[in-house]
Amino acid sequence: MDLRHLSLRLLQVYIEVVRRQNISAAARHLYLTQPTVSLQLKKLAELVGEPLLETGPGGLRPTQVGQELYRAAVDVMTRLEDFNGMLAKVREGQSGHINIGLVTTAKYVVPRILGAFYRRFPGVRVTLNIGNRAHVLNRFEHLEDDLYLFSHPPRGETVQSARIIRNPLQLIAPRDHWAAGQSELKFEQLSRERFLIREPGSATRLMFESWLSGQGVELGDCMQIESNEAIRLGVASGLGLSVISAHTLEEGRERPAILDVKGFPLESNWYLVSRKDRRMPYAARQLVHFMAEHLQQCIEAEWVAGDIAQLPTNLGLSAD
């Protein structure tokens, strides 16, 4: 490949097409016409000398060569963004941009951390991309964010993770439920009740179903709701029982009863995750070091999990 004819614009167009799996969607995002994007993809493929994209079930996807080019392109753009941030740091103080992929329940805690971080680094911009585990996992696989927060982190050679915050899952009921105030209940006593559960792909549902399977218990009546807030309100209104993050219960005016049931709360944690094959921008590194030093001042000490001081080392920043 003749690098003299390779431009950053070609790489930028290619990255957007791979991420959106659609030429028209990429064109709209880049404010270009579809023919322009198609022409640039053709030019890039001719430069490489190999097919870069093929049609798959969900749209366009990279070939083996295309995937390696995508990784290289993301690395180049990330390094240039890092250089831009470093220039701004030199000229006007700490600055930069961080993309964070966040599982839904973590949105109740992360703003407390970011608020304290922003007061110290007001020039750093943060974008939170929030969704269930399946959504954030998809973003992780496509290298779309700098940092991720999972309760069940992905596995593989590219994964770097560290446990940082406890996320116990409580079993809740309406305040006037017969089990409210009872001690040492067995789950079998509640298994015929209606349970409000999250959608498939939710880590809370995944953990609850895993626990049920381990106990050999099946629920008799389930209602799927794709919102922690709606579940909390539904339980408080008498719609059913649910298993939900303790952090979710600290928000809102509804105060459902937390049941004393053997095996609960289910112990879970949130993990800060990064990728070995994506260089972490300077601003994201600042956030990791900030959390290692100040997390216990941002949230209640009882919620902190793991050896938080080792967070930079666990995410591959020991040399910083």
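Student: Which residues line the second largest cavity?

Tutor: Happy to start there, keeping in mind that this is a predicted model. The second largest cavity has a volume of about 80 Å³. Its lining divides into 9 nonpolar, no polar and no charged residues. The residues that line this cavity are Ile100, Val110, Ile113, Leu114, Leu147, Leu149, Leu272, Leu287 and Met291.

Student: And which element gives the largest share of the lining of the second largest cavity?

Tutor: The elements that give two or more residues to the lining of the second largest cavity are α5 (110-120), β5 (147-150) and α10. The largest share is 3 residues, and the element that provides it is α5.

Student: Turning to the largest cavity, from which domains does its lining draw at least three residues each?

Tutor: The largest cavity has a volume of about 100 Å³, and 15 residues line it. Nearest its centre lie Thr105, Ser151, Ser202, Ala203 and Thr204. The protein is assigned domain 1 (3-68), domain 2 (93-167 + 269-315) and domain 3 (169-258). The lining of the largest cavity draws at least three residues from each of domain 2 and domain 3.

Student: How does the lining of the largest cavity divide by class?

Tutor: Helix α7 (residues 203-215) gives the largest share of this lining, 3 residues. Counted by class, the lining of the largest cavity has 4 nonpolar, 9 polar and 2 charged residues.

Student: Now for the largest pocket: which element gives the most to its lining?

Tutor: Good one to look at in the structure! The largest pocket has a volume of about 720 Å³. Of its 29 lining residues, Arg19, Glu81, His97, Asn99 and Arg278 are the closest to its centre. Two or more residues come from each of α1 (8-20), α2, α4 (64-92), β3 (96-103) and α10 (282-298), and the element that gives the most, with 9 residues, is α4.

Student: Which domains each give at least three residues to the lining of the largest pocket?

Tutor: By class, this lining divides into 9 nonpolar, 10 polar and 10 charged residues. At least three residues come from each of domain 1 (3-68) and domain 2 (93-167 + 269-315).

Student: Are α2 and α3 roughly parallel or roughly perpendicular?

Tutor: Helix α2 (residues 23-30) and helix α3 (residues 34-48) have their axes 8 Å apart. In this contact, Ile23, Ser24 and Ala27 of α2 meet Gln34, Val37, Ser38 and Leu41 of α3. The packing angle is about 110°. Angles of 65 to 115 degrees count as such, so α2 and α3 are roughly perpendicular.

Notes:
Residues are numbered from 1 along each chain as its sequence is written. This is a predicted model: local features need pLDDT of at least 70, side-chain atom pairs count only at pLDDT 80 or more; totals for chains, interfaces and linings use all residues. Side-chain values use heavy atoms; hydrogens and water are left out. Axes are lines fitted to C-alpha atoms, for helices over the stretch in contact, and angles run from 0 to 180 degrees between N-to-C directions. Helices (H or I, at least four residues) and strands (E, at least two) are DSSP runs, numbered from the N terminus. Angles under 35 degrees count as roughly parallel, over 145 as roughly antiparallel, 65 to 115 as roughly perpendicular and the rest as oblique. Contact means heavy atoms within 4.5 Å. On a 1 Å grid over the protein atoms alone, a cavity is a set of points where a 1.4 Å probe fits but cannot get out, and a pocket is an open set with protein on both sides within 12 Å along at least five of seven lines; lining residues have an atom within 4 Å of a point. Grid points are joined across faces, edges and corners, and a volume is the space filled by probe spheres set on the points. Ala, Val, Leu, Ile, Met, Phe, Trp, Tyr, Cys and Pro count as nonpolar, Asp, Glu, Lys and Arg as charged, and the others, Gly among them, as polar. Domain bounds come from an automatic or database domain assignment.
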